[in-house]
Amino acid sequence: MRELLTIGVFARAARLSPKALRLYDELGLLRPAAVDGESGYRFYDPAQLEQARLIAWLRRVGMPLARIRRVCALPAPAAAEEVANYWEQVLAETAARGRLATFLVDYLSGRGSAVEDAATMLGIRYAARSELGLVRTSNEDTAYAGARLLAVADGVLGPGGDRASTAAVDALKPLETLTVPAEDLLGALADAVGDADRAIQNIAASTPSGGAVTTLTALLWSGSQLALVHIGDTRAYLVRDGELFQITQDHTYVQSLVDEGRLTAEEAASHPQRSLLVRALTGTGGARPDLSLHEAVAGDRYLLCSDGLSAVVPAGSLREVLNGPGGPQQVLDGLVALAYAAGAPDNIACVVADVVRLETPATGVGRDGGTGR
């Protein structure tokens, strides 16, 4: 029988720490060959070194544990393809961060932004709906679309939820009429979210429980720059060249388990605590929204929605409808119809917006990307 290695010896040979090996055991990535029944000490077979080194290499390139688990379960050719796909995604994300870094360097050094002239030729067409679910008696969802602002908010069921979602969106609406340069979009959004949180604090104080909670996902336009603010499990999607991309990450308990590699995306979809939020607007002053800049391209289509749509309509069906014929209103009606066909257990809030090229440079609010519906 081949001699087993202690966890310390195996860790040194694999260039992993014992702590990492214990985590990989818990996640089912790399089980020890034997465990001492009395001490709980782990022992490994030397034949496991190849898999351990593969895991170490994949971690070194930054691959999340959940994706590593998929790679390790694949035959070598398919695993190689999965690694190539992951690295292509990393390069695309790095390029996007590089563009943002270049923009910031130009701004901080006084050279300004190079996107404004070209941006005057872009506008948006949009539609918004908020509908009551089939098993709900009240609607806490809010959807809004204007020439420069798109937003959805999903208030938590209970006293104050509907007012909290409305207040969150209302706090952002003044940005539509303000002149906000592209370089200050994120700051303006962050300030507006602070205003929203303070408004929710007042709402919470008037409820029997003393609480009011809502999610918020919104896009603010200036030129071809889009500023995204997101907190909670409402979502933003982008359709570009026929492909559907989710550009927000849910702030939920189960998503944190997925990020840690403890659940797969498929397992998370049916988890009993999938709606448990770990971040939201609560009026307590501790809001930590995600803020990011994106560049719009003519032909892009954006979807903002509450989980009343995303939780019951698969991504493939969303992609099919979003790539279908018709303008924002027709597409929006098709998405809501899908949610109802799936039983609509929750309320549904959606915004669909198309980025279009204007024939001539616009003035006023159109200069910042709005064309109306």
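The model is predicted.

**Helices H1 and H2**

Helix H1 covers residues 7-14, and helix H2 covers residues 18-26. Their axes come within 9 Å. They cross at roughly 100 degrees. That angle falls in the 65 to 115 range, so H1 and H2 are roughly perpendicular to each other. From H1, the contact uses Ile7, Phe10 and Ala11. These residues meet Pro18, Leu21 and Arg22 of H2. By class, the contact has five nonpolar residues, one charged residue and no polar ones.

**Helices H12 and H13**

Helix H12 spans residues 315-322, and helix H13 spans residues 328-341. The two pack at an angle of about 155 degrees, with their axes 9 Å apart. Angles over 145 degrees count as roughly antiparallel, so H12 is roughly antiparallel to H13. Their crossing is right-handed. H12 brings Ser317, Leu318, Val321 and Leu322 to the contact. H13 brings Val331, Gly334, Leu335 and Leu338. Six residues of this contact are nonpolar, two are polar and none is charged.

| Helix pair | Angle between axes | Axis distance |
|---|---|---|
| H1 and H2 | roughly 100 degrees | within 9 Å |
| H12 and H13 | about 155 degrees | 9 Å |

**The loop between H12 and H13**

Pro325 sits in the loop that lies between H12 and H13. Is Pro325 buried or exposed? Its relative accessible area is 67%. Exposed means over 50%, so Pro325 is exposed. Pro325 still touches Gln330 and Val331, leaving aside residues up to four places away in sequence. Val331 also belongs to the H13 side of the contact with H12.

**Strands S5 and S6**

Strand S5 runs over residues 141-145. S5 is mostly covered, with four of its five residues buried. Its partner is strand S6, residues 149-154. Five bridges join S5 to S6, and the strands run antiparallel. Together they form a hairpin, with three residues between the strands. Which residue of S6 stands opposite Ala145? It is Leu150.

Key
Residues are numbered from 1 along each chain as its sequence is written. This is a predicted model: local features need pLDDT of at least 70, side-chain atom pairs count only at pLDDT 80 or more; totals for chains, interfaces and linings use all residues. Side-chain values use heavy atoms; hydrogens and water are left out. Axes are lines fitted to C-alpha atoms, for helices over the stretch in contact, and angles run from 0 to 180 degrees between N-to-C directions. Angles under 35 degrees count as roughly parallel, over 145 as roughly antiparallel, 65 to 115 as roughly perpendicular and the rest as oblique. A crossing is left-handed if the near helix is turned anticlockwise from the far one by less than a right angle, and right-handed if clockwise. Contact means heavy atoms within 4.5 Å. Ala, Val, Leu, Ile, Met, Phe, Trp, Tyr, Cys and Pro count as nonpolar, Asp, Glu, Lys and Arg as charged, and the others, Gly among them, as polar. Buried means under 20% relative accessible area, exposed over 50%, partly exposed in between (1.4 Å probe, protein chains only). Two strands pair if DSSP finds at least two bridges between them.
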